[in-house]
Amino acid sequence: MSGYQTGVLVILCFNIIAAYAVYLPLAANQLNLGIAGFMAVGAYAAAWLTTELNWAIAPAVLVGGGASALVALVVATPILRTQGIYLALATFALGQVISAVFLNLEVVGAAAGYQVPAYAPAPAVFAATAAIVAVVFYLSRTRFALYLTALKNDATVSELLGLNVRALQIAAFAIGAAIAGIGGGLYAHHFSFIEAQHFNVALSITTVLYVLLGGTQTVWGPLVGALVYTLLPEVLRVGAGWRYVLFALFIIGFMAVRPRGLVTPDLGRRLGAMLMRRARPGKAVP
Amino acid sequence: MALLEVEGASVDYGRGRVLDDVSLSVGEGEIVTVLGANGAGKTTLLRAIAGATRLAAGRVTYDGAPLDGLSIGERLARGIVLVPEGRRILISLTIEENLLVGAHQRRDTAAVRKDIAAIYERFPNLAQRRHMAAWCLSGGEQQMLAIGRAIVARPRLMMLDEPSLGLSPLFVNTLFGLIVELNRGGLTVLLVEQNAGKALAIAHHATVIELGRVVVAGDPRALQADPRLREAYLGQGDDAAAGPIEPILQRGTGV
């Protein structure tokens, strides 16, 4: 694998992790527009642990994810009181606040950024991404995911059915934050340098965009969204200076043709039926 | 002794009192119906019993113990299950997933499977489409699923909020047949209806509320036979036909 290919795959991995961090709360109808802030918490916490306390990378990254989840739990009570567009605004503001805190925090370099000597090579990033994807796919088959979908369908009736709506929302928010934190910690140790400005609004918003592009109704959506979002600009390099114009046109085209995302449950069923037909040509599925 | 006892229940929404000093009693194994026009406070009464709405005054006693301060989930665990108005099926979930959500408090997985199988046997239409999204169901089938979702929660008291609303006459008959069948199986039923004729025909006891207050309570046959009552509180009652009876008082939609 060339250096370029490895580089693209690593970016893809970080985008996939970020996508699932956004997807989990979104599965409970919460739009988190401050995901970059949670990545920053994980990145700085893990980097500080390996640099100042000489921790090994793996535990440091996990604790970074835990720190991010902890921040989510602390802010969940005030933030999850808001709904819809107001929740998006509140998380947006939170992301800004977190980024501003690190911009002024001297122990981790403040505005000058923070050097991270401990290095996580590409294969470690691949393995961690695979593990996160596996965990999210496992979660999607549990009752927890079923209840989140119920909540997304109709929060009022979910409450009448006795589901603990509040606890489910907080859990989805915190697990999403933990994934973002782990992604941030990996990022810090792969690129060996972090600065507060990296974890900005644009990062939060583009992540949400490609999750929406992939589709939020199935667990495959964020994966496909991240794939398309990462790889399409690379393919479009043939367009030279026009590639981002082409890319934007593609995105608009995708959203026009598939407004509920590239991957929908309906698409899954149709693919399933097609495979069945192919496997058993004699017995056509109506 | 009564399974459910509501004493002097009052509920305020904002500055208005939507339920005012309502008392009623539901004996174990009975069907009790609550009738009244839109906005009379019937839905509020059920929500208060289920724990979704707080009482401003009064109390609800269930199985000999007061329900004060218990959450919806805790009341559900004691067997109080509400089938909400308008079915409120979770439309993007499959039929089977809807039933699993209904059984979410139960840990006896094998018994849940058995209960779900029994529901499929009772409603073959649901069985055929168990893995399809619930939006593909007709209104009547959605109502069956809503009741199925309540059954898998193992209710002792099932509260139904206008289950016949918007259903075809054929389905209304099926529905009331099902309610009677469940009741004969030992289930206690609190039924809120606008289809007064049908509800009075199956109930052991009836209460009529108007603008949040109980105006008449008693034997459903007596209510049905009294033309003055029927005219005053139940509209120009036609008990044979389906469809809601024209309410006299229109105060917005059901709260």
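Let me start with a term: a residue is buried when its relative accessible area is under 20%. Hold on to that cut-off. The model you see is predicted.

Start with B:Arg87. Is B:Arg87 buried or exposed? Its relative accessible area is 13%. That is under 20%, so B:Arg87 is buried. Where does B:Arg87 sit? Look in chain B, in the loop between β6 and α3. Now the backbone. Most residues other than glycine have a negative phi. B:Arg87 is not a glycine, yet its phi is positive, about 70°.

Find B:Asp63 in the loop that runs between β4 (57–62) and β5 (65–66) of chain B. B:Asp63 has 42% relative accessibility, so it counts as partly exposed.

Next, empty space. Rolling a probe the size of a water molecule over the atoms shows where such space is left.

Cavities, then. How many cavities of 30 Å³ or more does a search of the whole structure find? Seven. Take the second largest cavity. It holds about 90 Å³ of space. Both chains line it: among the residues are A:Leu160 and A:Leu161, and also B:Leu76, B:Val83 and B:Arg149. In chain B, β6 (80–83) and α6 (139–151) each give two or more residues to this lining. By class, the lining has 10 nonpolar residues, one polar and one charged.

Now the pockets. The largest pocket has a volume of about 1700 Å³. It is lined by 44 residues. Nearest its centre are A:Gln217, A:Thr218, A:Pro265, B:Ser92 and B:Glu97. Elements giving two or more residues include α1 (3–27) and α12 (265–279) of chain A, and α3 (95–102) of chain B. Which element gives the most to this lining? That is α6(A), with eight residues. The classes here are 23 nonpolar, 12 polar and nine charged.

On to the second largest pocket, with a volume of about 600 Å³. Its lining has 26 residues, and A:Ala155, A:Glu159, A:Val165, A:Arg166 and A:Gln169 are the closest to its centre. Several elements supply at least two residues each, including α8 (165–191) of chain A and α2 (72–77) of chain B. The largest share is four residues, from α7(A). Count by class and you get 10 nonpolar, 12 polar and four charged.

How values were computed:
Residues numbered from 1 in each chain as written. Chains lettered and ligands numbered in written order. Predicted model: local features only at pLDDT ≥ 70, side-chain atom pairs only at ≥ 80, totals over all residues. Heavy atoms only, no water. 1 Å grid on protein atoms, 1.4 Å probe; cavity = no way out; pocket = protein on both sides within 12 Å on 5 of 7 lines; lining within 4 Å. Points joined across faces, edges and corners; volume = space filled by probe spheres on them. Nonpolar A, V, L, I, M, F, W, Y, C, P; charged D, E, K, R; others polar. Buried < 20%, exposed > 50% of the residue type's maximum accessible area, 1.4 Å probe, protein only.
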